[in-house]
Every structure is written in C-alpha cells, then in structure tokens.
Amino acid sequence: MSRAPRALVLALPALALGALAACAPPNAATPYPTTEPPEGEAQAEQAQAGDPNVVRFLGREIDLAPFMEGFPYERFSPSLEHGELFFIETGDRYLLRALALPPEGSEPRSLDLAQAPAITEVDWSTRSLWGVKVHGETDTLWLHADASNDEQMNLWRLPLAKGDAKADAKDDAGLPEPEQLTFADYVYGFGFSEDEARVGYLARSGKQAPYRTCLRLLDANDPKAERADQEVVCDSPELSFTWSDLHFSPSGEQVYFAALREGDRKRAQLVEVDLRSELPRVKVITNEKVSRNAPSVLEGWVDGDQLLFTANDEGFDNLYSWSRKTRKTRKLSDLSEEMLGAVRTEAGVFIAHGTPAGSTLAMLDARTGARLGEAQVPAKVSLLDGHGGRALWSQQSPSKVWELDLASFSRTGDELELANTTLVGLPAQLEGELVRCEVEAAKIPTFDGRELHAFVLRPKQPLAAEAGGPVAMVRSFYGGDNEWNRYDQILCAAGVTVVSPAVRGSSGFGKEFYGLNDRDLGGDEIVDLFWVARWIASELGVDPGRIGVYGRSHGGYATMRAMTFPPQTNARDESYRFAFGLAEAGFSDIVAFHDATNIPDWVVLEAGDPAVPEDRTRLEDRSPVNHVDLLQAPIFLLHGANDWRVPVDGSRAFVEAAEAAGKQVTYVEVPGQGHHIEGQERIVAAWQARFGFIEGVLAGDAAETAMKTEASAKTEGAGEAEGAEAPAP
C-alpha cells in the first residue's frame, strides 16, 4: 500500500505562500509596432502630452512607461552548475546580460538585475535568440540564434568575461559579437556531451518542405578546426527529426533526441543513435503504438543507466524512466493535470504541476517515483534549472508579475526540507502599477455541452459612462493561461475588459482536449469564440457593438477566420458579428502558409495535408482570404516583414483581397522584424495605432481611422515580443 506523501518542510517566511493571490490570469502576450509614433493626430496627441510613453484612448491617458521600464527583463536562462543567470533587458535596445548566482553552500541573497553587465553589444530586438548554454571548458556561451529575425536558426559562440573584466562591463561598448559556428538553413536544437568535448545538433536543409535534417557532431573545444563538423546520420520520411535538445549517454557513445514518425506531431518518439557504429542508425526507444506530443528529456542520468523524460502517453505529461541496460520504460508519476516542469537535483526529481487555479511543487524519488514531499503555490510555476541540491523556479499570477526563487534541499532524518529564498521580486508599488486587472475564473458553456475555462479580466478603473459604456475583447487563441500578461494588463489600463478563454485545442487540459481541433483548424474552435462573445453580452452586460476579438500567430488567423466565418462550417449554422478585430502575425491562406512556413508539419496536424485533394479543398475553404466577402466589421492587421514562421504574405494577401472587396482594413507592416517585434519606441506607436483604430470603430469612423493608422506601416521598426514561444503559431 502506498504511503501518503509528506509535506515538504518549508521556510514559510521565505516562500511566502500565503502572500500570493488565490486566482490566476491569462496568457503571456505582447504588442507589435512600428519605429516611430504614428503620424497625424495620434502623434500630435503624444506631443501635446509631452511624454512619449503616453497613449490615449476614449479620453483616457495611459502611461506605458511602467509596463516597459518598470520590469524590463525577460527570457531568463540560468545555469546553476556554472553559477550564472542570463537574461534579456528590453527597451529601445534588447541586451543580453549575465549575473552571478549565489554559490551552493553560501547564504542566498537577493539579486539586483539592474547591476548585471551586458555580455555582447548585439541588439536582440533585431535578432531571434531561443536559448543559451554555457560551455565550461572554453568559458564560452553558445547561443541558438539567427542573424536577422528570420528564424534561420544556427549556433553561435560568445566568450564570457571573467572577474574584473566582467565587473567593468557596465555598458555594451566594445563588447564582443557572437561568432557563427554553423551555417544550416535551420538548427532544431543542440546539446553537449558530458565531458563537453563534442556538441550534437540537428541541422535542417531546405527552405521548403520536404526538408532533410541530419544529426551532426561538432568539436566543442575547437569548432573552427578542419573536419571539426561531421555528419552522422540523416532522417527519412518515415522518421523525421524535429525540435529537440540533444542528450549524450554518460560515455558519450550514444545520443538521444526526438523524432516524428512520418512527420506526425502526434506520433513523437525518442530515438537513440549509437555513435560507435560505422553506419549509425536511428533506433526508436519509446512505444510507437502510443500517441504522444513532444517528449522531453531531463538533464543527467540516474545511476549512469536511466534516462528520465516527460511525455503525455496517457493524456497528461508524466515522468518516465528508460533503462539503457534493459531497454524498458517505467512510468514514475501519475498526474492528471498539466505538468509545468521537471528538473534533476541530488534530492530527486523536482516537478511542478497544476491547473489554472494554482500549482503543486513536489519532489519525486528519481529511481522509484515515490513522492517525497509537496507544497502548494497559488500561482503558475516554471522550473528553470536544477543542479546539486538546488533548483531555480519562477512564479506568476494575475497579481504577481514575476518572481524568481531558489529552492535548496536537505535532509533531517527521514524529512526532506526545502529552504526557499526569493532572488528577484517586484516592489509592491511597482507591482500595483503593472497589475491593472481584477481577475476571476469563469466556466463558459459552448455548443457541444462542454464548459470552457476562461479568465475574465476587468479593469480596476472601468470606462466612464461618457465613454459610451464598457468595451470587451475576446482572446482568440492561447487563452485561459495562469500568467500575468502585459498585453491584457495594458488593455485593462485603458478600461477594456478582456475575456481569455481556453478554446478547444488549447494546451494545459490534457491530450484529448488539445487534440480537439486537429484537422479542424478554423472550425469548432471558432464556434467556441462565438459562444464566449454571446456570454459576454448576456453575463457581463456588454453591448455586442462594443465586443471585439484579437490574437496573434494562430490567434491572428483565428481572428481573421472569426470575422469571415461561413455559417455552414461543420454544419453548425453558427456566426457572430464582432464589432472589430485585431489580427497580428497571422496567416490567411492555409495552403500558401503550408508551402512557405518553417513549420509545415504543424499545418498538416492542425488542418490537413494540401497534397491530399480532399484536405486541400477543406484548407482552401478554411482560409480567411477566400471569404473576405463575409467581413462585416473593421479589422486591424500587423505583421513583421521578416517573419518566416508565419510569413508576412498571409497578411498582405488578406489586406489586398479585403481592399478589393471594399472592406475596412488597417494594415501595419514592420520592416526588419520577424514573428516577434521588439523595441520600446515602436511599442508605444503600436499601442496608439491599436487604440486609435478601436476608438475610430466605436465612433463609427473606422475608414478615417484606417487612413490615419496606415501611415505607421511606412516606418521602420522594432517592437515587443509576446514571450518565448515554442516553434508553432
């Protein structure tokens, strides 16, 4: 009989569990702008205000400075093993900075991110940076990055300053540029051998599918040497390589990563390549009879034999162990809610799991999976790193912007003790300036009897009656998440109510719900939005003429689709006339998107294969560009010109078709930017463009608004990213 898990012995004053909010917010979004403030009236208004960070909406001034300057840090990537915390400081330029972490065994202390020196002069608002890894042998930082925001990802290397040189690097003047090490069309992922002598990476060739991807080995100590870069084995249509970090066996003789059976994201496998073989082969080590998405391997090995990984074989992600000796897999956890992360420590495997209402931190025995202890956190937790007897984790909720915590584990007899120290937290006054929504969870019924989880974010300062009554906006996809969200908080600051639902196909609710929109892109997920909008009108009392829809990437498509939806889709006889829409970085022609994107396998999973005639017919019917005649309300589009994940041609085609049909469309295109657009000055301009568009719609003057806003499309720009995002729309 199993024993009930003991509660972790917590240093409660440090963890401060009782101080957190009991509820939690939506997803991590962010805006997309142009280089200079919009021309015309909006620019004049900013000049009159005398503050370049102030925008206006329905007679209200919104100061964006706290949202951009109050906590201008993101993309945290710690290495406890090497004692460094890497992160991006945003602003007019985005700088990669590094700060020393408290050594193990020392008294933990809070960190001052403002004191972190830059380690390169690169402005990361002009480039994509997906991840970093320290190479201790050469004292360098390896970066998974591109050169120009086009997501042609490769490996780069940067020397790390030490001691006094690092302390003196107070600004970015004279700092080194990263050195490019690989020159592939696309690198999926990489990893070092345990002795750090070699790095394995997955290099993809080709700008359009079908691609060819090969496992390559690179001399990590001297990557520029002759024959330092060697091809090992390549994929095939039957087993294609995909996004994955690479993990070597303790001896360095085998390497492990993820692959897709016949390119199907629902048939993801973990594979092994034996590097000793004269003709290396790719061997699947997971059960091919089971459907799974994105298995993920943990760092390190248990007893030199067991590889730990997470996978959703039974509906939700759980922890599994695979033995090199027996070639068998064992399930170590039994979760029935979302796995939020897992990291190795000397004490065991530190995991986090939860629901939109909060999270559980737990320590599992790495050999048996026994739950050694747990603690509740009423916020969303992310596990960032684990090494030795420590783990770094972060938390956020609607009322907590972000916090970084260091957990240290020790044993007293049979008791596992966790001492927690907050390394980074926001002052209460600043947090108050950034939390502008009152948040509550809701269950919203939809057409098939399901109830959709949603967060309702009401402005703490609602619009005055003279502004015409409340305005509400529906997030079209990536909603219902338990995070502080800058985009939505700015909308609340403007007096707009946001409803963020988890429509079918959303992650976080198990494999079954996640798969409900497979091969039904633009179908029932859109009908869910209609039911949410009707609920807003009936339950929140918002005039349907003041309810809009918005989203980016997949959500940008969903916004265009919701506003051009043929009622006969799936024989639902459903439609809804949103008053306006904001579609950012979206695609409008699914077939063209499949042929041009760097993620065509996502399109096949979600919508179908355009090479199959029946699928192609459905894809054409689900493409908003083919139904612009049904567009009945003004729509605002925004896109980065260098976007390869969701190419900009999708927005251009929709705008051209809508204008030809005499529809009201506003378009802002940002030169030099990709799927994410960065930079403070353009953030302000984008928000004024958005608010000017919405205000014009509410005033019944959308055509004039479109003319004024279109000027911002002609400026060069940077903008604001929606957070680190997985390689899918």
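**Salt bridges, pair by pair**

Aspartate 274 is partly exposed, with a relative accessible area of 21%. This is a predicted model. Aspartate 274 forms a salt bridge with arginine 276. Their closest N and O atoms are 2.9 Å apart. Arginine 276 counts as exposed, at 56% relative accessibility.

Now take arginine 504. Its salt-bridge partner is aspartate 528, and the closest N and O atoms are 2.8 Å apart. Arginine 504 sits in the loop between strand S35 (496-501) and helix H7 (511-514), while aspartate 528 belongs to helix H8 (residues 524-539), so the pair ties together parts 24 residues apart in sequence. Arginine 504 is buried, with a relative accessible area of 3%. Aspartate 528 is buried as well, at 0% relative accessibility. The cut-off for buried is under 20%.

Some salt bridges share partners. Arg212, Arg216, Asp229 and Glu231 are joined into one network this way.

Next comes glutamate 272. It forms a salt bridge with arginine 327, and the closest N and O atoms are 2.8 Å apart. This pair links distant parts of the chain, 55 residues apart. Glutamate 272 is in strand S18 (residues 268-274). Arginine 327 is in the loop between strand S22 (318-323) and strand S23 (329-331). Glutamate 272 counts as buried, at 6% relative accessibility. Arginine 327 is partly exposed, with a relative accessible area of 40%.

Side chains of opposite charge can pair when their charged atoms come close. The count for this model comes to 38 salt bridges.

Conventions
Residues are numbered from 1 along each chain as its sequence is written. This is a predicted model: local features need pLDDT of at least 70, side-chain atom pairs count only at pLDDT 80 or more; totals for chains, interfaces and linings use all residues. Side-chain values use heavy atoms; hydrogens and water are left out. A salt bridge is a side-chain nitrogen of Lys or Arg within 4 Å of a carboxyl oxygen of Asp or Glu. Helices (H or I, at least four residues) and strands (E, at least two) are DSSP runs, numbered from the N terminus. Buried means under 20% relative accessible area, exposed over 50%, partly exposed in between (1.4 Å probe, protein chains only).
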